[in-house]
Amino acid sequence: MPESPTDQDWAELEQAAVTLLAAAQVNALGGTGPKDDEWAAQPAYQALNEAMIAAAQDALEAVRARDTDALLAAGDVLYPPCEACHMQYNPGVVEAEL
């Protein structure tokens, strides 16, 4: 049976969720990359980013409740909009990670 997350693990997960939310807010404003302003103006990009924000908020709530099942569920919801956004707007990032 896997060990339960430690207090340190939960603290690191909380920091990661907060960082993800901050990054999503930067994305919503146009990001920092050369095409980010253009992408952020597109409704499809906005919808994907909003889905990422919602899932990240769910992840943060799960971490703060120390609810592993809810955290895993949030991760399942988070992955598809992130992958779809990278595939549509920055496919080189996904290919480089594979």
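**Overall layout**

Mentor: The chain has 5 helices and 0 strands, and please keep in mind throughout that this is a predicted model. Read from the N terminus, the elements run α-α-α-α-α.

Trainee: What box do the C-alpha atoms fill, and what share of the residues counts as buried?

Mentor: Taken along the principal axes, the C-alpha atoms fill a box of roughly 45 × 25 × 20 Å, and 28% of the 98 residues count as buried. If you take the contacts between residues at least 6 apart in sequence, 65% of them join residues at least 24 apart.

Trainee: OK, on to packing. At what angle do α3 and α4 pack?

Mentor: Helix α3, residues 43–65, and helix α4, residues 68–89, pack at an angle of about 160°, and their axes are 8 Å apart. The two helices are therefore roughly antiparallel to each other, and their crossing is left-handed.

Trainee: Which residues make that contact?

Mentor: From α3 the contact includes A44, Y45, L48, A51 and M52, and from α4 it includes A70, L71, A74, V77 and L78, with C82 and C85 also among the α4 residues. By class, the residues of this contact divide into 19 nonpolar, 1 polar and 1 charged.

Trainee: And how do α1 and α3 cross?

Mentor: The axes of α1, residues 7–29, and α3 come within 9 Å and cross at roughly 160°. That makes α1 roughly antiparallel to α3, and this crossing is left-handed. Among the residues making the contact are W10, L13, E14, A17 and A24 of α1, together with Y45, N49, M52, I53 and R64 of α3. Here the classes come to 15 nonpolar, 4 polar and 2 charged residues.

Trainee: You mentioned N49 there. Is it buried or exposed?

Mentor: N49, which lies in helix α3, is buried, because its relative accessible area is 6% and the cut-off for buried is under 20%.

Trainee: What does N49 touch, then?

Mentor: Leaving aside neighbours within four places in sequence, N49 is in contact with A24, N27 and A28.

Trainee: Last one, T68. Where is it, and which residues does it touch?

Mentor: T68 is found in helix α4 and is partly exposed, with a relative accessible area of 36%. Not counting residues up to four places away in sequence, T68 touches P5 and W10. The C-alpha atoms of T68 and P5 are separated by 8.6 Å, although the two residues are 63 residues apart along the chain.

Conventions:
Residues are numbered from 1 along each chain as its sequence is written. This is a predicted model: local features need pLDDT of at least 70, side-chain atom pairs count only at pLDDT 80 or more; totals for chains, interfaces and linings use all residues. Side-chain values use heavy atoms; hydrogens and water are left out. Axes are lines fitted to C-alpha atoms, for helices over the stretch in contact, and angles run from 0 to 180 degrees between N-to-C directions. Helices (H or I, at least four residues) and strands (E, at least two) are DSSP runs, numbered from the N terminus. Angles under 35 degrees count as roughly parallel, over 145 as roughly antiparallel, 65 to 115 as roughly perpendicular and the rest as oblique. A crossing is left-handed if the near helix is turned anticlockwise from the far one by less than a right angle, and right-handed if clockwise. Contact means heavy atoms within 4.5 Å. Ala, Val, Leu, Ile, Met, Phe, Trp, Tyr, Cys and Pro count as nonpolar, Asp, Glu, Lys and Arg as charged, and the others, Gly among them, as polar. Buried means under 20% relative accessible area, exposed over 50%, partly exposed in between (1.4 Å probe, protein chains only).
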